[in-house]
Amino acid sequence: MLIFIGGAELAACYWLDPPVFHKVVDPVLEKAEGAWRTGSEQVRRFACGVQEKIAERIALRQQEIIQEQQEQIESQQAGEPAILGGGIDVTDPTVTELVTRDGQEVLTGGSVSICYFAQSDPAWKDQPYGTDRVGPYGCGPTALAMAVRSLTDTPTDPAAMAEWCSKNGFWAAKSGSYHTIVRGVASAFGLECTSLSSMTPESLRMQLSGGRIAVALMSRGHFTSTGHFILLRGVTLEGNILVADPNSRQRSLQEWDASLILNELSSSSTAGAPLWLLSRPAVE
């Protein structure tokens with residue numbers, strides 16, 4: 001049965017979802033090993049060949065993915081944005097505010113109330129993200145911790161998400177996170193994930209008005225000097241965008257022009273970048 005599964009699919013599964021990979025492959029390898037012990041010489045050669053081919057294809061695809069990611073990734077080291085200002089301060093609490101509920105900061109007013117985390121908070125800023133730390137390099141796991149905590153019943157925080165992402169191959173040393181982090185986290189935590197195909201203000205507003213949030217990979221501009229993951233969480237009556245920026249509470253309490261956000265998105269298209277829409281699974 002394993003022989004009919006493409007090597008590329010197996011390699012991608014190994015890289016993006018190791019538990020599923022082992023669930024599929026391990027029983028087959030156990031049978032192959034059993035055949036090695038008890039079967040004929042021909043069966044033993046076949047089993048050995050299967051194992052070798054799987055290992056070769058996985059190793060090759062791993063190297064290809066690493067090369068693709070290293071070529072595309074922008075550093076996500078935290079710091080001041082290249083352009084200061086640009087947002088509109090919100091003074092009306094019915095539009096959005098940052099409140100505390102049961103000890104958790106929550107951003108209100110968007111398509112979804114967002115459990116807010118700042119990557120620089122003392123509780124986890126010095127916690128590990130691979131061999132880096134969450135504070136300087138953890139915008140990816142922090143943004144996705146906000147998404148998972150807000151859209152599912154899963155308790156998580158930036159430190160826990162950073163640990164999970166590091167173990168599952170999404171941490172990029174001294175750079176932040178590989179772009180595959182978004183689809184990888186969405187798949188693992190039961191969220192629907194699609195990329196926005198029409199990069200227009202109208203399309204973005206429509207998607208964010210329909211109960212979805214978006215993970216946006218920003219480039220140099222009003223949110224970062226390099227690269228940076230933020231959430232887009234809603235639309236105001238004037239058509240401006242509400243965000244959840246893991247590196248700034250202030251920017252998270254401002255309205256942002258939709259065209260400005262679209263113009264400052266990363267130019268990368270790796271792994272669905274630069275903008276992914278997240279939502280709860282549809283109820284059948």
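A few ground rules come with the model. Because the structure is predicted, local features need pLDDT of at least 70 and side-chain atom pairs count only at pLDDT 80 or more, while totals for chains, interfaces and linings use all residues. Residues are numbered from 1 along each chain as its sequence is written, and side-chain values use heavy atoms, with hydrogens and water left out.

Strands here (E, at least two residues) and helices (H or I, at least four) are DSSP runs, numbered from the N terminus. Buried stands for under 20% relative accessible area, exposed for over 50%, and partly exposed for anything in between, with a 1.4 Å probe and protein chains only.

What does E10 pair with? Two strands count as paired if DSSP finds at least two bridges between them. One partner is E14, which runs antiparallel to E10 and is joined to it by 4 bridges; here Ala214 stands opposite Leu277. Another is strand E11 (residues 228-235), again antiparallel, with 5 bridges to E10. Leu217 has Phe229 as its bridge partner in E11. As background, strands of a sheet pair through backbone hydrogen bonds, either parallel or antiparallel. Back in this model, strand E14 spans residues 275-279 and includes Leu275. Leu275 counts as buried, at 0% relative accessibility.

Elsewhere, 3 strands make an open, antiparallel sheet in the order E2-E3-E4. Strand E2 (98-101) and strand E4 (114-115) are the edge strands, each pairing on one side only. Strand E3 (residues 104-107) meets E4 through 2 bridges in the antiparallel sense, and Val106 has Cys115 as its bridge partner in E4.

Glu105 sits in strand E3 and Arg249 in helix H9 (residues 249-252), so the pair ties together parts that are 144 residues apart in sequence. Glu105 is partly exposed, at 23% relative accessible area, and Arg249 is also partly exposed, at 31%.

Arg249 forms a salt bridge with Asp121 too, where the closest N and O atoms are 3.0 Å apart. Asp121 lies in the loop between E4 and strand E5 (128-129), so its link to Arg249 in H9 ties together parts that are 128 residues apart in sequence. Asp121 is buried, with a relative accessible area of 16%. Through shared partners, Glu105, Asp121 and Arg249 are joined into one network of salt bridges. Arg251 and Asp245 meet in a salt bridge as well, at 2.7 Å from N to O, and both residues are buried.

Helix H7 (residues 181-188) has Ile181, Val182, Gly184, Val185 and Ala186 as its buried residues. After H7 comes Gly190, with a positive phi near 75°.

What about the cysteines? The structure holds 0 disulfides, going by a cut-off of two cysteine sulfur atoms within 2.5 Å. Cys139 is buried at 0% relative accessible area, and Cys165 is buried at 0% as well.

A cavity is a set of points on a 1 Å grid over the protein atoms alone where a 1.4 Å probe fits but cannot get out, and lining residues have an atom within 4 Å of a point. Grid points are joined across faces, edges and corners, and the volume is the space filled by probe spheres set on them. The count comes to 1 cavity of 30 Å³ or more, and the largest cavity has a volume of about 30 Å³. Its lining includes Gln76, Gln77, Phe223, His228 and Asn247. The lining residues divide into 2 nonpolar, 7 polar and no charged, where Ala, Val, Leu, Ile, Met, Phe, Trp, Tyr, Cys and Pro count as nonpolar, Asp, Glu, Lys and Arg as charged, and the others, Gly among them, as polar.

Technical notes: 1 Å grid on protein atoms, 1.4 Å probe; cavity = no way out; pocket = protein on both sides within 12 Å on 5 of 7 lines; lining within 4 Å. Salt bridge = Lys/Arg side-chain N within 4 Å of Asp/Glu carboxyl O.
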